[in-house]
Amino acid sequence: MSTTNTATLELRNLEVAYTVRGIDREVLRDISLSIAPGEAYGLVGESGCGKSTAAFAAMRYLPRNGKITGGAILFEGKNIVEMADDEVSSLRRSAISMVYQNPATALNPTIRVGDQVAEVFQLSGVSKSDSLEMAQAALVQVQIADPAQVMRRYAHQLSGGMAQRVVIAMALASNPRLLVMDEPTTGLDATVEAEVLDLVRELRRDTGTAVLFISHNLGVIRHMCDRVGVLYAGALVEQGATADLFNNPSHPYTVGLLRCIPRGGLHKSTDRLDTIPGTPPALGTHFDGCVFADRCALADDNCRTRLPQMVTISGAHVARCFHSDKASSMPRSIELIEYASQADVHSVHNDDTLLSINHLSKIFTQDGHKVQVINDVSFNLGFGETLGLVGESGSGKTTIAKLVLGLVSPEEGGVITLDGKGLAKTLNRRDVHDVGSMQIVFQNPDQALNRRHSVTRIVGRAVERLRGFNVSDAIDRAHELLSGMRVEASLHSARPVQLSGGLKQRVAISRAFAGSPQIVVCDEPTSALDVSVQAAILNLLVDLQKQDGVSFIFISHDLGVVRYISDRIAVLYLGRVVEFGTSQRVFNGPFHPYTEALLSSVPNIDGSIRKRIPLTGVVPSPSNPPSGCVLNPRCPRKAGSGYETLCETEEPNLTEVEPGHFMRCHIPVANLKQLQS
Amino acid sequence: MKQFILKRLGLSVVTVFLVAVIVFFLTHILPGNVARQYLGKGATEEDLVEFRRVFGLDRSLLAQLFGWIGDLLHGDLGESMQYRVSVKDLLLPAIGYSSKLAGVAFFLIVPISIAGGVIAAMNRGKKIDRAITVGGLSAAVIPEFVWAIVLVLTVGVTFQIFPVSAFPDEGNRSILNQIWYLILPSISLLLVLFGYIARITRAGVIEALESDYMRTAVLKGMIRRKAVSKHVLRNALLPTIAVIASQVPYLIGGLIAVEIVFNYPGFGTVLKGAVDARDYAVLQSGVIISSLVIVIFQLIADILFAVLNPRIRQKVSE
Ligand SMILES: Nc1ncnc2c1ncn2[C@@H]1O[C@H](COP(=O)(O)OP(=O)(O)OP(=O)(O)O)[C@@H](O)[C@H]1O
Ligand code: SF4
Ligand code: SF4
Ligand SMILES: [Mg+2]
């Protein structure tokens with residue numbers, strides 16, 4: 001058969017099930033899609049919808065309890081479901097490869113990186129010494145700095161971005177005709193993610209490899225893929241050319257997903273985020289009708305009893321919905337809540353300072369070396385205000401949160417003032433009132449909640465401790481708090497394991513509010529959650545702020561989220577505040593060169609292509625910071641600015657460049673503005 | 001790396017020193033009067049004085065302690081109270097014999113147990129896995145001397161496959177023949193240690209089999225058997241090494257019991273004689289030597305672990 005019009009990969013009515021406690025549970029429901037040679041096909045959907053299952057099925061590598069219960073997987077026309085193991089191995093050696101999330105664990109910790117890449121060549125019969133040379137060439141191809149040296153390293157000596165490049169090099173080594181990428185950049189910093197994505201795009205242009213690209217991040221998919229499929233509960237609900245699908249989403253689920261995302265310019269002061277009510281169905285749920293009916297605003301009886309078929313929207317754009325024509329105009333889903341607050345309703349955010357942080361520094365000792373992770377950080381937080389902290393991993397966001405909370409103590413000279421009163425440096429020397437007035441919500445509620453206690457008990461104990469309530473009053477208050485966070489009464493006696501991620505986070509937030517806090521530190525509170533759940537949590541935080549006048553310090557690597565929820569933003573680099581100002585200022589410019597690079601690396605879902613300002617090189621180690629301005633070896637604006645020598649010798653101060661807008665850069669703001677226009 | 005080895009070495013020296021001090025005080029304080037204990041009720045006052053003078057028991061405790069440790073450092077283990085010969089002459093040949101037995105046992109136990117663990121892991125959930133895991137654990141419940149007796153009675157006496165003593169007669173003492181005689185005693189040790197080592201190996205192999213890097217290897221197109229030998233074993237056996245080293249004390253303990261059953265003139269048999277005769281000088285040295293062996297194996301295991309594990313090796317060499 002000719003290969004010209006044969007799809008590289010075709011899933012034909014694919015059904016996959018996992019056997020759990022003896023019962024087969026359907027994960028992929030009648031999936032059909034095909035990827036042409038050289039095409040990039042994106043698969044999106046929320047956690048658990050079956051994206052990874054589809055990816056591994058395409059490699060014919062399912063977990064021990066997984067099995068293909070129906071349909072076919074055709075690679076260049078041949079059904080790999082029926083192939084012998086040898087034949088599949090040989091395909092993997094020569095024609096299909098995979099790149100996965102968590103590159104660090106994908107590499108063997110005890111074998112040198114170079115040998116692991118060389119292995120791919122050896123598998124196709126190349127001699128050992130030739131394979132090492134070819135491995136180095138492969139590393140050159142993925143633009144790793146100093147490939148000869150990287151060859152001799154072990155996995156733990158690589159940064160996340162480098163490890164992912166090595167994994168990509170390994171995947172491309174066999175010149176595959178199909179590359180399966182499962183969340184290849186999830187967990188990487190925004191600037192690293194942007195570089196890896198650029199690399200993948202370039203390599204694809206050079207090699208013409210077909211790609212199955214999987215991500216939960218719609219922005220990434222929009223920038224990487226020619227065509228997109230949307231997966232919900234294991235069913236493909238919409239598919240089409242990227243621009244068509246994003247500009248004219250025609251399935252209510254796709255519409256809902258896109259509306260949940262805090263996208264460009266939305267701000268809590270004017271816009272409330274949409275959510276998708278309800279939760280995804282449990283694994284293996286059987287449906288007579290549409291898989292989305294339980295959560296769909298347009299659902300009618302027909303939807304619940306008859307299985308919708310794919311209908312054509314335009315050209316190759318199809319949606320599996322009876323009412324696809326009404327999807328884009330479907331009513332918004334905004335939960336409006338009646339507040340039942342104990343506290344008086346505060347007037348929202350005024351200019352009085354609630355928390356003042358002055359000259360905080362922190363030096364950790366690591367293997368005998370002193371590492372300064374926080375360097376002279378100062379900022380103020382007003383009543384009812386949200387301060388966003390952004391910066392790449394290792395920039396010191398969490399350490400600042402810990403300093404504020406007294407979980408680690410600052411170096412000599414650092415002062416924290418709350419409501420005009422100086423705070424003790426460490427938690428155990430702060431009184432109950434001070435402790436209760438500052439609380440934290442973590443990224444991962446699983447680790448933060450005691451799994452053996454009921455939800456009421458978890459919150460009730462915090463009330464007892466922080467408010468001095470007796471047990472029965474504390475339980476009453478716990479119920480009130482939980483209901484206020486929209487945790488239904490029927491769940492109050494549940495244990496954390498019985499709750500979804502979003503509900504667990506609500507419990508964690510309830511607990512943080514037990515002591516009527518003035519400030520709640522939120523450390524990546526929505527990073528582990530799906531966008532629809534994230535939207536609900538962000539709405540909740542905004543409500544709480546309006547209702548109780550609480551202030552937030554909000555840490556996130558997701559700039560869209562930070563922009564939406566923050567009044568002011570501090571941008572951190574290597575333990576320093578490099579830019580500080582109102583959300584408006586920081587996002588609309590003039591920008592500090594680092595902020596500019598950071599913002600330009602985010603792929604937005606509106607598809608607008610911003611010119612990327614690349615940050616070259618890697619984040620330097622805080623144990624050995626560069627001289628002068630710490631950004632100077634990577635700074636995109638240094639060269640040609642006329643300030644090069646100053647940049648390399650002298651650290652700039654944080655200065656007020658416009659009213660209320662601070663920057664740490666030698667280039668005068670007027671020049672920056674000009675460069676950036 | 002050098003620093004790490006030196007540090008571990010220092011720690012080992014301290015450990016042995018502490019053992020020496022404890023042993024010294026246990027033997028000198030607890031039983032009360034060494035001379036009386038040794039010479040028995042019938043001894044006269046002069047006998048006691050003479051005995052104490054000969055063995056230096058008339059000095060102060062501290063002087064005795066430091067005198068003894070000083071002697072130890074010079075390789076002088078003192079004199080056996082029972083045989084009135086140097087302890088060294090008594091123990092050295094015995095240690096030689098025991099080393100042979102331990103060596104044979106070690107080379108039997110380690111490969112077989114590891115192979116058992118690997119086979120169980122590769123066939124997880126199948127019959128052979130259950131046979132190895134359950135069988136190994138059940139066998140370990142029975143102490144080695146019972147196994148030794150059972151083995152002597154069955155394969156030795158009834159079926160006469162293996163010799164019932166561990167030591168060949170004068171006639172044929174070729175190396176092979178000596179090893180042949182040591183196999184049965186080794187098997188009784190194997191039965192006790194197999195289950196434990198196999199179980200740890202199995203756990204390590206399963207973890208490595210389920211690792212992301214194993215997945216990478218398979219998705220590179222490696223066939224499973226090759227991926228296992230290249231990517232799984234090295235990572236899986238790391239924790240096993242540490243476990244084997246931690247089993248050395250049990251091996252020594254088991255050795256003593258087995259030697260006695262098989263009437264083998266090794267270290268254990270000599271020590272037992274010393275216990276029966278309350279020969280403190282020999283006992284003290286015996287304990288010190290055992291602790292030395294244990295500490296040395298722990299040291300070797302730690303170094304091996306560090307050398308095989310790049311993450312630790314790097315940390316260690318910083
Ligand atoms: N080995 C397994 N046994 C049973 N259930 C499984 C197994 N692996 C995955 N599942 C379940 O199957 C469903 C689909 O999982 P899959 O990993 O494909 O989702 P995903 O879309 O990749 O999610 P994520 O975005 O979280 O990676 C989920 O409900 C998941 O909990
Ligand atoms: S078929 Fe009905 S329930 Fe399903 S998405 Fe369309 S409108 Fe909603
Ligand atoms: S001071 Fe120089 S190096 Fe630093 S950010 Fe400004 S231009 Fe870049
Ligand atoms: Mg996944």
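With which residue does Asp85(A) form a salt bridge, and how far apart are the closest N and O atoms? The partner is Arg60(A), and the closest N and O atoms are 2.7 Å apart. Asp85(A) belongs to helix α2 (residues 85–94) of chain A, while Arg60(A) sits in the loop between α1 (51–58) and β4 (66–75) of chain A, so the pair ties together parts that are 25 residues apart in sequence. Asp85(A) is exposed, because its relative accessibility is 54% and the cut-off for exposed is over 50%.

The model is a predicted one. Over all chains, the whole structure holds 32 salt bridges.

| Asp85(A) | Arg60(A) | 2.7 Å |

Glu411(A), in the loop between α14 (397–405) and β16 (415–418) of chain A, and Lys362(A), in strand β13 (residues 353–366) of chain A, link distant parts of the chain, 49 residues apart. Glu411(A) is partly exposed at 24% relative accessible area, whereas Lys362(A) is buried at 11%.

A network of salt bridges links Glu119(A), Lys220(B) and Lys230(B).

Around ligand 2, the shell consists of 10 nonpolar residues, 2 polar and no charged. Among them are Cys290(A), Cys296(A), Cys303(A) and Cys321(A), as well as His251(A) and His323(A).

Technical notes:
Residues are numbered from 1 along each chain as its sequence is written. Chains are lettered from A and ligands numbered from 1 in the order in which they are written. This is a predicted model: local features need pLDDT of at least 70, side-chain atom pairs count only at pLDDT 80 or more; totals for chains, interfaces and linings use all residues. Side-chain values use heavy atoms; hydrogens and water are left out. A residue is near a molecule or strand if one of its heavy atoms lies within 4 Å of it. Ala, Val, Leu, Ile, Met, Phe, Trp, Tyr, Cys and Pro count as nonpolar, Asp, Glu, Lys and Arg as charged, and the others, Gly among them, as polar. A salt bridge is a side-chain nitrogen of Lys or Arg within 4 Å of a carboxyl oxygen of Asp or Glu. Helices (H or I, at least four residues) and strands (E, at least two) are DSSP runs, numbered from the N terminus. Buried means under 20% relative accessible area, exposed over 50%, partly exposed in between (1.4 Å probe, protein chains only).
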